[in-house]
Amino acid sequence: MIQEKRPFLPYLYPALFLAVVATHVWLCWRVGELHPVPKYDEAVYADLAREMVRTGAPMRRLGEEPRFYYIHPYLQTFFWSLPLHGSVPEEGLQNPDQAIKLLSRLRWVTTIFSVGTLCLIFAMFAKNAPSFGLLASALLAFNPMWLKYSHLVYLEVPCAFWVMAAAFFFNGPVRNEFKVDQQDVRFLSPLLRAWGFGIALGAATITKYLAILFLPCPLIIRITPKKRLIKPMAIGFVLVFLSWPLYILMFGDLGQWVSRSFGRMGSFQSGQGGDPRTDWGVIGLLTETASQLGPVYSCLSLLGIASFPIVVLWYALHAIWILKKSDYKSKQVFKRLRESDRWPSLMSVGFGVWVIVYVVAWLVLPTKDPKFLVIALPLVMVSGTSVLFLIAKDIFDRNVFGSWMSPLLVVAILLLFLLAFPIDLLGLDNTRFKKLYPTDHAYTHVALPHGQDYRPIAESIFLRTKPGEVIPVGRQGPIVGYLADRPYQILYTEDDPLAFERRLEASRYLVIDDSWQNCFAGVHPLEVDRIRRGISQDYEIAKEVGHVKLLAKK
């Protein structure tokens, strides 16, 4: 019987993938509409990118003298600065409206990295497992946590892009969705792929240091038995990473970088009373992350994170079943499983190792943040999808995703997962499916309680003050500083309380809001009363918008 040809199938998957990408980009724009004002970290990175255009280096304007920013490497700041060239005026001359427009450019740069990550996933499987590539990339594109950070000026999505690029070079395009060890040998040579892996992982590390946690994965997986490939991986990584200290030698102080970087590794204390992320416990961290993912994507993420033990257990049970039902010896069972389609693919095991190494480190590190999971989300989605494929094939005893019904199945699954994030993001009523959503917190937890109130306050500061005038701010200094294009200073810090008196004497204006109360955690009540009396005696309200106040010296 002659099998019916379907010439449209090779074009259907790319078309569906383009539709996924277009929808993802539009949803990213909607996320930007919900967050018109920069968040704390966004304002820091946006100001660094602006200063890189002005001075050639990421200078943070915290205090009277700009400081080289040592906390995060320079690579992503460089990419963010590219669309700003020719649009940044001299220091102190950019008003808040112009700053918001520049922020929008930076956010679209992040979205480009997000789309690049989706393309890497689809390209890895496009030729011989397009349904797998489409499903894995789409599940990532519509992941609520990934979607949010795909249009904000944060480091996690660009870092995830480089990590996925490293995984792409490490695995290469596959010839079979169940056996990743059967790679397409026409895709570069093993030596070039080894160099690509090292360079990509080096780029990920000088985007965000957490990416270095993936470095031991090739040694753990042992997918490349030839030791000669380890050397170019290591050399590529080291050459790219060394560009960061070399850059510091040109614009900063290498000694300060060493002392600050390694000093923070032990305590993670900043000059502003400590890093609140050290307050997370493991249970609290997982609960908060689940609230941002929502119940549907939380289950899928757990499947991806636990893919390695799931696959091992799944096939161990198969081996036991074969032993009981036949006269095979253990070596014969092993050989039969390996030769069958039920042998656990290196994709399931390999990506599972990448994921579990990172997640375990994420849970035990002294500083914890739910958004750190974003770096591993592409790997988590690929790993979870591989488990779904393997189990589906085992249950139905056929490759259901390789049949003619595959496009219909993929589209049906995607429609179900579209219900896993707030439909109100699409402008539709979300009451009926509320239980399937992540909480609203998933899209607004990085938003300030009164974020919009800072824009008119920054406008007033821009008009009232001179370029270079330092503005003391309660806690949200980066936001005010970026929008008003002024250097800022934290008004009160526990590590240097005497500096508060000097700031009151020298400053014409202060900005305080509800978040300023956090400055007084652990401060004696009498000291708090003295601070408030000093401010009320010397300053009066010049402008008040919502819960944000601009105070002018009497």
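Predicted model: local features only at pLDDT ≥ 70, side-chain atom pairs only at ≥ 80, totals over all residues.
**Aromatic pairs**
- The structure holds 24 aromatic pairs.
- Because phenylalanine 17 sits in helix 1 (residues 9-34) and phenylalanine 122 in helix 4 (residues 96-125), their pair ties together parts that are 105 residues apart in sequence.
- Phenylalanine 68 and tyrosine 247 make a tilted pair, because their ring centres are 6.2 Å apart and their planes meet at 45 degrees.
- With phenylalanine 68 in strand 2 (residues 67-68) and tyrosine 247 in helix 10 (residues 230-251), this pair ties together parts that are 179 residues apart in sequence.
- Phenylalanine 68 and tyrosine 247 are both buried.
- These two residues also belong to one aromatic cluster, together with Tyr70, Tyr74, Trp244, Phe251 and Trp257.

**The chain as a whole**
- The chain contains 22 helices and seven strands.
- It has 554 residues, and 55% of them count as buried.
- Of the contacts between residues at least 6 apart in sequence, 75% join residues at least 24 apart.

**A hairpin**
- Strand 6 (residues 539-545) pairs with strand 7 (residues 548-553) in the antiparallel sense, over six bridges.
- Isoleucine 541 stands opposite leucine 551 of strand 7.
- Two residues separate strand 6 from strand 7 in this hairpin, and glycine 546 in the turn has a positive phi of about 60 degrees.

How values were computed. Residues numbered from 1 in each chain as written. Heavy atoms only, no water. Helix = DSSP H or I, 4+ residues; strand = E, 2+ residues; numbered from the N terminus. Buried < 20%, exposed > 50% of the residue type's maximum accessible area, 1.4 Å probe, protein only. Contact = heavy atoms within 4.5 Å. Pairing = 2+ DSSP bridges. Phe/Tyr/Trp six-rings, centres within 6.5 Å; stacked < 30°, edge-to-face > 60°.
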